[in-house]
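Here is a short tour to read alongside your model. Keep the sequence and the 3D view open as you go.

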Amino acid sequence: MGFWKNIRGDYRAVFERDPAARNRIEVFLAYPGFHAIIIHRLTHMLWNAGIPVIPRLFSHIGRFLTGIEIHPAARVGSGLVIDHGMGVVIGETAEVGENCLLYQGVTLGGTGKEKGKRHPTLGDNVIVGAGAKILGAITIGNNVMIGANSVILKSVPDNSICVGVPGRITKKKIVRMTTEEGMVEVMDYFPDPTVEKLKELESRIDELTRRLDSVERIQGRGGRMRIYNTLTGKKEEFVALDPALVRIYSCGITAYDHCHIGHARSAIVFDIMRRYMKYKGLKIKYIRNFTDIDDKIINRAKQEGIPWDEVARKYIDEYYRDMDSLGVDRADVEPKATEHIKEMVEMVKGLIEKGYAYVIDGSVYFEVSKFAGYGRLSKRDLDDMVAGARIEVDERKKNPMDFALWKASKEGEPSWESPWGPGRPGWHIECSAMSLKHLGETFDIHGGGADLIFPHHENEIAQSEAYTGKPFAKYWVHNGFITVDKEKMSKSLGNFFTIKQILSKFDAEAIRFFLLSTHYRNPIEFSDEQLREAEASIDRFYTTEMRIRDFLSQDNSGDKAAADEKALEELVSRFPSSFSEAMDDDFNTALAIGHIFELIRVLNKYMDGRPSGQGAVEVIRRSGNLLHDAGNVLNIFTRSPEDWYRALMTIKNISLTEEDIAAKIVQRRNAREEKDWATADRIRKELEEKGIILEDKKDGTSWKVKV
Ligand SMILES: [Zn+2]
């Protein structure tokens with residue numbers, strides 16, 4: 001290519017590559033990169049003509065003027081652009097193809113001691129980023145991009161990008177496509193491992209979102225529930241095994257004594273779980289068993305001098321009485337151990353056949369060392385368990401941790417026939433056999449109090465999974481302990497309160513409220529003080545309820561705005577989702593109750609402003625409805641305020657009847673009409689001393705019980 005043609009190409013390239021190049025004069029006078037090229041074209045021509053010294057001298061002057069060093073011997077194709085050229089060095093044997101673009105500080109240099117060609121060759125349409133160094137007699141192919149500050153030490157094929165130190169080569173993807181001009185090759189994109197990974201993750205997230213959405217549509221109301229799973233030690237999203245029917249099993253009581261408040265907590269936790277899932281539109285099958293044969297029942301029968309089965313019947317009845325008063329619903333199936341002996345014998349037989357159990361003198365034991373996952377739920381190591389075992393060691397057992405599946409019965413004890421002689425089932429096998437019968441091999445949720453994790457639930461897993469070869473329960477849910485003076489409440493410590501003892505002093509709703517006001521997994525400190533606080537909170541609800549009723553029944557024809565209307569409206573529109581979010585988050589009833597009382601607080605403040613008009617009626621009615629809906633899920637706040645006060649009168653042993661109070665109110669009204677203030681005041685005080693508070697309203701006087 002001729003000298004002038006090259007210069008013209010270089011000149012055009014400046015306009016093509018540099019959008020800021022506006023006119024010829026500017027480019028001719030003020031573009032050092034362009035000057036360097038013109039000088040180089042001149043020195044290169046002189047160099048080729050074999051003229052000594054002069055080309056190097058001119059090149060040296062050029063470098064002095066432009067900061068760009070190009071050896072006169074370098075072969076540079078037409079259309080080279082050097083942008084901000086300071087420090088660009090193009091070595092002696094370098095060859096630069098057409099339409100290349102170099103940024104500042106680029107070195108096309110030589111390395112090593114080899115004679116002959118020591119500098120790189122650049123193909124056509126190459127772009128070299130600022131500060132890049134291309135060293136040695138390597139070849140950079142056509143259409144290559146070299147990233148800023150890269151150091152390129154080996155040849156780069158066509159259509160590549162090259163970044164890093166030393167330069168890492170990535171081929172551009174070429175897509176062949178047919179256009180009007182026939183088959184063309186188009187560079188599609190620069191593959192970037194990070195971007196590709198992100199894209200892959202994005203599509204996975206999309207896929208998972210779609211799947212979750214479809215599950216939610218089946219599940220109905222609200223978002224996703226998260227449940228803390230003891231098995232994994234994590235809060236997990238709840239995905240039902242069969243979205244059409246959620247299957248839950250909780251371990252019930254051994255019927256040998258009155259229930260204490262710890263039993264109430266466990267029953268209420270599962271009651272709430274079930275109510276909330278139903279509220280979300282899920283169908284539930286809930287099983288809660290009764291252990292109606294056990295050493296404790298046999299001992300109790302001896303103590304009370306009645307047959308063992310009468311003991312079981314008696315305390316099952318007592319259980320129902322307690323739970324009914326606490327608002328705990330019956331389970332869908334409430335199987336009793338003695339009604340499932342056949343299923344248990346079947347399971348024990350299977351475990352022996354599969355080599356997980358062995359027989360000693362008419363008793364059958366489960367061999368824990370045969371079950372690989374033993375200790376998984378309670379996070380214990382079998383060897384540690386054995387070392388720390390304080391259980392009575394039966395010398396005949398293979399391992400101290402082996403547990404009885406079937407117990408040979410002693411003389412005079414209740415017994416059932418079995419292949420190993422007369423006996424009765426061990427405690428753990430009951431739940432495995434009954435859940436298998438009523439819920440199938442694998443079901444969704446299993447749980448109970450945290451004291452059941454080991455050994456009871458650990459043993460259930462071992463038996464069931466060894467027998468069926470399938471996973472047992474997917475989510476394990478355990479409620480925390482109740483403490484008294486910071487010590488765990490338990491029968492063995494004797495620091496327990498039966499439900500009946502507490503019901504003699506407090507209303508059942510207060511007990512339920514108290515148990516729900518702490519998250520179910522946290523320990524909960526029991527005291528009369530706490531129950532009184534629960535009572536005060538419930539009273540606040542019913543007082544608000546009364547106020548709502550009074551408001552809605554009065555004449556609201558005015559149009560008086562009250563402060564906090566915005567705050568209340570906002571809270572009302574947010575409330576359903578706040579409530580659901582709290583409950584979705586591992587049944588956080590404590591937070592849900594917090595939201596209820598926030599609404600009560602703002603609502604009362606709003607009503608203090610005595611608003612009127614249709615808007616006020618609407619927002620107050622809606623608030624009331626929301627409080628009821630939430631209360632229905634938790635099964636609290638379902639009475640009328642009057643029923644609540646009546647209950648309080650009974651529980652607080654108030655010596656007055658409702659008729660007495662009504663009569664006193666009439667007496668007082670008459671006194672006031674006669675302006676006998678002293679008598680009216682005396683009546684009010686008299687009632688207050690007996691625990692009744694009067695409230696004067698527009699259309700009369702109402703009363704409530706002091707809490
Ligand atoms: Zn159980």
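Predicted model: local features only at pLDDT ≥ 70, side-chain atom pairs only at ≥ 80, totals over all residues.

Residues are numbered from 1 along each chain as its sequence is written.

**Domains**
- The protein is split into domain 1 (3-172), domain 2 (178-504), domain 3 (524-646) and domain 4 (654-705), with bounds that come from an automatic or database domain assignment.
- Between the C-alpha centres of domain 1 and domain 4 there are 104 Å.

**Helix α16**
- Helices (H or I, at least four residues) and strands (E, at least two) are DSSP runs, numbered from the N terminus.
- α16 spans residues 565-584, and its 20 residues reach 29 Å from first C-alpha to last, close to the 28 Å expected (1.5 Å times one less than the number of residues).
- At Phe-575 the helix bends by about 45°, and a proline, Pro-576, follows within four residues; the bend is the angle between axes fitted to the seven residues ending there and the seven starting there.
- Phe-575 is also one of the buried residues of α16, which include Leu-568, Leu-571 and Phe-579; buried means 20 or more other C-beta atoms within 10 Å of a residue's own, with C-beta atoms placed from the backbone.
- These buried residues pack against β18 (226-229), α6 (261-279), α17 (589-608) and α18 (614-634), where contact means C-beta atoms, placed from the backbone, within 7 Å.
- After α16 comes Asp-586, with a positive phi near 55°.

**Strands around β23**
- Strand β23 (residues 363-366) points Ser-363 and Tyr-365 one way and Val-364 and Phe-366 the other, and all are buried.
- Four bridges link β23 to strand β22 (residues 357-360) in the antiparallel sense; two strands pair if DSSP finds at least two bridges between them.
- These two strands form a hairpin with two residues between them, and Asp-361 in the turn has a positive phi of about 45°.
- Strand β24 (residues 403-408) runs antiparallel to β23, joined by three bridges.
- Val-364 stands opposite Val-359, and its bridge partner in β24 is Trp-406.

**Strands around β14**
- Strand β14 (residues 160-163) runs parallel to strand β12 (residues 145-146), with two bridges, and Ile-161 is the bridge partner of Met-145.
- With strand β15 (residues 168-171), β14 pairs antiparallel over four bridges, and Val-163 partners Arg-168.
- β14 and β15 make a hairpin with four residues between them, where Gly-164 in the turn has a positive phi of about 95°.

Notes: Buried ≥ 20, exposed ≤ 12 C-beta atoms within 10 Å, placed from the backbone. Contact = placed C-beta atoms within 7 Å.
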